[in-house]
Amino acid sequence: MGLSPAKLSRIAGAILDWFPDHARDMPWRRTLDPYGVWISEIMLQQTQVKTVIPYWNRWMRRLPDAAKLARAREATVLKLWEGLGYYSRARNAQKAAQMIVTEHGGRFPRSRELIESLPGIGRYTAGAIASIAYDEPAPILDGNVIRVLTRLGMIPGDPKGKEVNATLWELAGQLVEGVADGRGVRPAPPLKFAGACSALNQGLMELGATVCLPAKPACLLCPLREHCAAAQAGRAEDFPSKAKKPVITPRHFCTYVLRVGDVYLVSQRGEDEVNAGFWEFPNRETDSAEADPREVIEHLLPGLTVELRPLRVIRHSITRYRMTQRVFFGELKRRPRNTGMRWCRLDEIRGLPFVSAQRRLFKDLEAAGS
Ligand code: SF4
């Protein structure tokens with residue numbers, strides 16, 4: 001079953017009828033400032049709306065425009081991002097802000113093409129900013145839109161695969177182009193829409209996020225149900241086709257919390273590492289979950305003699321990796337020399353951009369009376 005231009009036009013009309021009354025209030029929907037829209041879009045990648053709201057509010061209070069972000073210290077930017085993960089996004093945002101200042105006179109670029117030329121901004125984000133802030137008929141395709149479109153047209157195949165993906169971009173483009181220069185759409189104040197393209201794209205994402213859910217979509221409440229092939233066939237949950245699950249790889253680490261008096265040893269991650277610039281308690285990857293922590297510490301701090309006791313085990317995931325950190329505590333009498341690391345009090349450590357998996361140790365250390 002296809003999605004003809006006439007059908008797409010009816011679908012777009014139904015979304016524009018539905019969205020103004022169903023748009024959730026989010027702080028970035030109260031502005032048409034492309035900078036604010038951009039920051040919300042990069043924060044929302046892989047993170048839920050309710051988590052992002054306080055981050056966005058804090059960021060916008062501290063770095064309200066591209067000029068302030070361009071000038072900010074990297075530690076400030078990372079601190080404001082701390083906990084959202086994927087820190088290269090925050091770094092790229094700062095690089096993009098610097099480019100906005102040097103190459104665009106501090107004004108956010110006006111077209112989708114120019115927006116997409118900024119570091120860290122891909123086709124989706126450029127389309128989102130251009131349509132939401134400027135009402136440009138630029139398509140967007142994220143997980144929510146993919147779900148709605150593949151169900152509407154019962155489109156089989158891997159939506160990330162080249163051909164299916166190209167078809168979906170094409171459909172998203174036809175939908176938004178179909179409403180350009182069209183009707184006015186007004187949300188309930190204090191929300192703002194730049195126009196019909198802005199409302200169409202946001203409405204499509206909203207429908208995927210709140211009605212056309214991955215499991216048990218609320219088809220009975222959906223404004224598109226009479227146009228939806230998958231709902232009519234009773235097969236909504238069969239779309240989009242499931243991609244093969246990646247193979248999960250376990251990884252093991254020994255982590256050391258070493259204290260002298262009231263200061264702890266911390267190290268900064270190198271330029272080429274994941275979470276570059278972030279601080280952490282010294283650690284080392286091991287071949288197995290049973291590696292002897294006294295042998296492992298030799299590689300980090302050769303010749304150090306310290307009695308180690310287990311503090312806790314931290315488990316977390318990054319993409320397809322399942323990480324297990326066995327954390328050990330050691331009390332030293334004096335600071336070893338030439339570690340290339342830093343000694344800090346716990347209150348100082350709290351002020352550093354610190355890897356989030358290890359932040360949960362702070363409470364343990366406070367409870368232990370640091
Ligand atoms: Fe999704 Fe159901 Fe609406 Fe189709 S009718 S778009 S499956 S919620």
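The model is predicted. The chain comprises 16 helices and 7 strands, and its C-alpha trace extends over about 75 × 50 × 35 Å along the principal axes. Of the 370 residues in the chain, 50% are buried.

**Overall contacts**
- Taking contacts between residues at least 6 apart in sequence, 68% connect residues at least 24 apart.

**Nonpolar cores**
- The largest nonpolar core contains 106 residues, and the residues with the most contacts inside it are Tyr35, Trp38, Trp59 and Phe281.
- Beyond its neighbours within four places in sequence, Trp38 is in contact with Leu69, Ala93, Ala96, Ala97, Ile100, Phe108, Ile121, Thr125 and Ile129.

**Aromatic rings and charges**
- The model holds 11 aromatic pairs.
- Tyr264, Phe281, Phe354 and Phe362 are linked into a cluster by ring pairs; Phe281 is also one of the residues with the most contacts inside the largest nonpolar core.
- Arg251 places its charged end over the ring of Tyr321, 4.9 Å from the ring centre.
- Arg342 lies over the face of Trp279, with a distance of 4.7 Å to the ring centre.

**Helix H13**
- Helix H13 spans residues 293-300, and its buried residues are Pro293, Val296 and Ile297.
- The exposed residues Arg294, Glu295 and His299 are carried on the face of H13 that is turned away from the buried side.
- The cover over the buried residues of H13 includes strands S1 (249-260), S4 (283-286), S5 (308-318) and S6 (321-331).
- The N-terminal end of H13 is capped by Asp292, which has a side-chain oxygen 2.9 Å from the backbone nitrogen of Arg294.

**Arginine 269**
- Arg269 is located in the loop that runs between strand S2 (263-268) and strand S3 (279-280).
- A polar contact of 2.8 Å joins the side chain of Arg269 to the side chain of Glu280.
- With its neighbours within four places in sequence left aside, Arg269 is in contact with Val274, Asn275, Ala276, Gly277, Phe278, Glu280 and Val355.

Notes: Residues are numbered from 1 along each chain as its sequence is written. This is a predicted model: local features need pLDDT of at least 70, side-chain atom pairs count only at pLDDT 80 or more; totals for chains, interfaces and linings use all residues. Side-chain values use heavy atoms; hydrogens and water are left out. Helices (H or I, at least four residues) and strands (E, at least two) are DSSP runs, numbered from the N terminus. A polar contact is a pair of N or O atoms within 3.5 Å; within protein, one must be able to donate a hydrogen and the other to accept it, and residues adjacent in sequence count only if both atoms are side-chain atoms. Contact means heavy atoms within 4.5 Å. Rings of Phe, Tyr and Trp (its six-membered ring) pair if their centres lie within 6.5 Å; planes under 30 degrees apart count as stacked, over 60 as edge-to-face and the rest as tilted. A charge sits over a ring if NZ of Lys or CZ of Arg is within 6 Å of the ring centre and within 35 degrees of the ring normal. A nonpolar core is a set of buried Ala, Val, Leu, Ile, Met, Phe, Trp, Tyr and Cys residues joined through side-chain atoms within 4.5 Å. Buried means under 20% relative accessible area, exposed over 50%, partly exposed in between (1.4 Å probe, protein chains only).
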